[in-house]
Amino acid sequence: MREREGVLPVGSLKTIIVFVSFMVLSILNANAQNAPPILLGTAWYPEQWPESRWEADLTLMQQAGIHMVRVAEFAWSRMEPAEGQYDLDWLDRAITAAGKHGIYTVIGTPSAAPPAWLTQKYPETLRIDEEGHRAEHGNRQHFDFANAKYRELARKVAEQMAKRFGHNPYVLGWQIDNEYANESYNPDTHEQFQHWLKARYGTLDNLNARWTTAYWSQTYFDWSQIPIENHYGNPGLLLSWKRFVSDTWRSYQKNQLDVIRANSAPKQFITTNTMGWFDGYDHYTVEQDLDLAAWDDYVGQGHLDPAGNGAAHDLTRGFKGKNFWVMETQPGFVNWAGVNNSLDKGEVRAMAWHAIGHGADTVSYWQWRSALNGQEEYHGTLVGADGTPVPLYAEIQQIGKEFQKAGPYLAGTSPKSEVAILHSYDSRWAIDWQRHNHEYDPVKEIVSYYRPLRAISQSVDVVPPTAPLSQYKLVVAPGLNVLSDAAARNLIACVRGGGHLVLGQRSAMKNEDNGLQTERQPGPLAELLGGRVEQYYALENPVPIEGKWGTAQGKLWAELLSAKNEDVEILERYGKSNGWLDGQPAVITRQLGKGRITYIGAWLDGDALKSAAKWMTDVSGVKPAMGPVPDGVEVYPRYGDTHAVYILVNLSKAKQTISLPSPMQDVLEGGTKNSLDLPVYGVAVMEKKR
Ligand code: GLA
């Protein structure tokens with residue numbers, strides 16, 4: 001075909017566009033420095049403000065030491081105001097404007113908030129909840145996560161964004177969606193579940209056998225007969241639904257992740273923001289495709305509980321086995337708790353350092369400035385509705401300065417632990433569906449062990465039961481109720497390899513179909529233990545327990561243990577209670593070569609758990625990472641190749657003096673110190689060459 005005179009041929013036009021884009025990116029690349037190693041950030045919603053306001057916001061952010069903004073995760077209607085009409089120019093300008101202030105961007109894909117044209121045109125994409133109600137427009141997360149049309153539209157907008165920003169040097173990475181939470185019960189989801197079951201179980205005979213459907217005439221003769229159950233029902237069906245939901249979130253995520261990866265520079269990470277202990281799906285399933293784990297850390301009502309919150313940090317670190325991000329945290333207070341009290345003056349800073357200590361490399365505040373309307377008008381912010389700093393801003397500024405100072409010391413460092421706590425979603429769900437004692441909360445059980453173990457060792461990993469365990473001296477499995485064959489092999493290898501495995505109450509009762517093991521607890525580990533659980537009892541009242549760990553009380557749950565092999569030592573026995581338990585073993589242990597296995601049959605009270613943790617760590621050779629500190633002072637070690645950094649935070653109610661085990665460099669204040677005085681909420685960052 002002949003080209004029209006005076007008009008550039010299409011091929012040449014493309015070449016020019018590619019060349020110009022290349023030049024623009026090269027100039028941007030040359031200007032963009034590497035982002036600081038420890039980042040202070042905030043969620044920024046430029047689409048909610050006139051562009052003329054951006055400069056003032058970015059200047060205030062820069063003055064606070066903020067180097068990262070997360071943007072766009074709810075801006076679908078702005079980025080695609082009509083189907084297939086994309087407008088990303090404004091976002092490009094926002095990213096460039098932020099870059100000029102030394103602020104890098106993380107882009108959220110907007111699939112948590114589909115626009116009104118979409119839900120109107122494709123109402124089948126709206127989620128149906130468990131009660132059968134279809135969501136309406138006007139909130140967020142109102143989509144059906146399994147719907148093919150929804151996925152297609154979400155992928156297309158993500159693809160446009162990745163094509164536009166995938167090589168922008170000011171873009172550090174991507175957050176897919178926002179807090180995956182609500183599964184759908186739409187007919188298409190139900191059908192997909194039935195297909196999923198077929199792929200997993202192969203035949204109905206197999207499924208019927210493994211779920212024991214002879215019970216209550218539950219036998220299925222056709223895949224289409226299988227219902228969805230989420231709270232009460234056949235335990236095999238319940239667990240399968242959760243596994244299907246986990247796989248569906250994974251494929252939902254992969255749908256966007258693949259187009260982002262295909263169109264972005266490898267150094268741009270892909271993450272999503274999770275919610276601590278939230279158990280709507282198995283995070284180990286979903287996180288495997290991501291580059292980085294990130295979570296939203298909110299206290300809500302009350303104040304920072306360093307063990308409860310710290311365990312959630314460690315849980316998140318365990319998703320990828322490396323440092324993570326706090327993608328959102330509260331600037332003082334939230335708007336959704338019973339009482340939305342503010343954290344105390346100094347507590348926000350203490351909490352930021354507590355996060356860094358647990359292995360966060362970024363702490364980002366939600367949000368910069370509240371939208372002038374919308375559901376979250378009362379939430380804490382860094383600037384007020386008038387656009388000027390709130391009182392907390394000065395504390396954020398201090399954090400900014402400190403991150404800047406400590407960044408070079410913390411670069412390339414991460415926590416490393418001698419103690420692991422095993423955590424499994426299967427087990428948490430299994431216990432939650434059949435608590436047997438309504439107060440039995442599996443997360444509280446995990447934290448009850450975590451609390452004293454962390455206080456002694458000063459560093460704990462939280463990992464799944466199939467994780468490599470050879471680096472740990474002590475592996476504690478509270479409530480590992482569902483034990484897969486692979487996990488059982490892993491735990492046996494851990495003990496045979498010289499590790500100390502401690503099984504907490506309710507361990508190994510179920511198989512991977514959430515059915516009962518045909519051996520008494522701890523099922524496939526009973527032979528190794530040389531003992532077993534004879535019977536379990538839900539407790540109305542605490543029972544006395546006594547033995548090597550002193551006098552204690554057991555609450556909620558008690559398992560009557562027996563010792564079969566002669567080399568099994570009985571550490572604790574029940575005192576007088578229901579007759580069945582009187583005088584019977586409550587804790588047993590057995591040494592096997594250099595390894596050891598211990599079973600704790602009762603939920604011990606706090607003091608007894610402290611003694612138990614002391615015994616466990618002593619017998620396993622676990623030492624405190626830094627050394628003894630006063631109660632209420634938290635120590636967080638992070639290690640690099642040539643040095644260690646110890647972050648210390650005083651979360652007690654009084655000023656504390658800490659004597660250091662050896663002279664250390666004070667990173668924030670300068671000088672070498674042998675001891676430290678920390679006021680309430682005081683923070684110190686100390687460096688020691690290794
Ligand atoms: C979550 C969401 C945010 C915001 C905050 C408020 O973490 O991701 O969009 O709603 O809660 O606390």
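**Exercise 1. Find the helix that holds Tyr449 and decide whether this residue is buried or exposed.**

Step 1: Tyr449 belongs to helix H15, residues 442-457. Helices (H or I, at least four residues) and strands (E, at least two) are DSSP runs, numbered from the N terminus.

Step 2: Tyr449 counts as buried because its relative accessibility is 2%. Buried means under 20% relative accessible area, exposed over 50%, partly exposed in between (1.4 Å probe, protein chains only).

A word on the model: it is predicted, so local features need pLDDT of at least 70 and side-chain atom pairs count only at pLDDT 80 or more, while totals for chains, interfaces and linings use all residues. Residues are numbered from 1 along each chain as its sequence is written, and side-chain values use heavy atoms, with hydrogens and water left out.

**Exercise 2. Check the span of helix H13, then look for its bend.**

Step 1: H13 covers residues 393-410, and at 1.5 Å a residue its 18 residues should span 26 Å. The expected span is 1.5 Å times one less than the number of residues.

Step 2: The end C-alpha atoms of H13 are 24 Å apart, which agrees.

Step 3: At Gln404, H13 bends by about 35 degrees, and the proline Pro408 follows within four residues. The bend is the angle between axes fitted to the seven residues ending there and the seven starting there.

Step 4: Buried residues of H13 include Ile396, Phe403 and Leu410. Just after H13, Gly412 has a positive phi of about 75 degrees.

**Exercise 3. Describe what surrounds the ligand.**

Step 1: Among the surrounding residues are Phe74, Asp296, Trp336 and His379. A residue is near a molecule if one of its heavy atoms lies within 4 Å of it.

Step 2: By class, this shell has five charged, four nonpolar and two polar residues. Ala, Val, Leu, Ile, Met, Phe, Trp, Tyr, Cys and Pro count as nonpolar, Asp, Glu, Lys and Arg as charged, and the others, Gly among them, as polar.

Step 3: Now look at the ligand's oxygen atoms. A polar side-chain atom of Glu179 lies 2.6 Å from one oxygen atom of the ligand, and for Asn178 the distance to a ligand oxygen is 2.8 Å.

Step 4: Taken alone, the ligand exposes 300 Å², of which the protein buries 96%. Accessible areas come from the Shrake-Rupley method with a 1.4 Å probe.

Terms used:
Polar contact = N/O pair within 3.5 Å; in protein donor to acceptor, adjacent residues only side chain to side chain.
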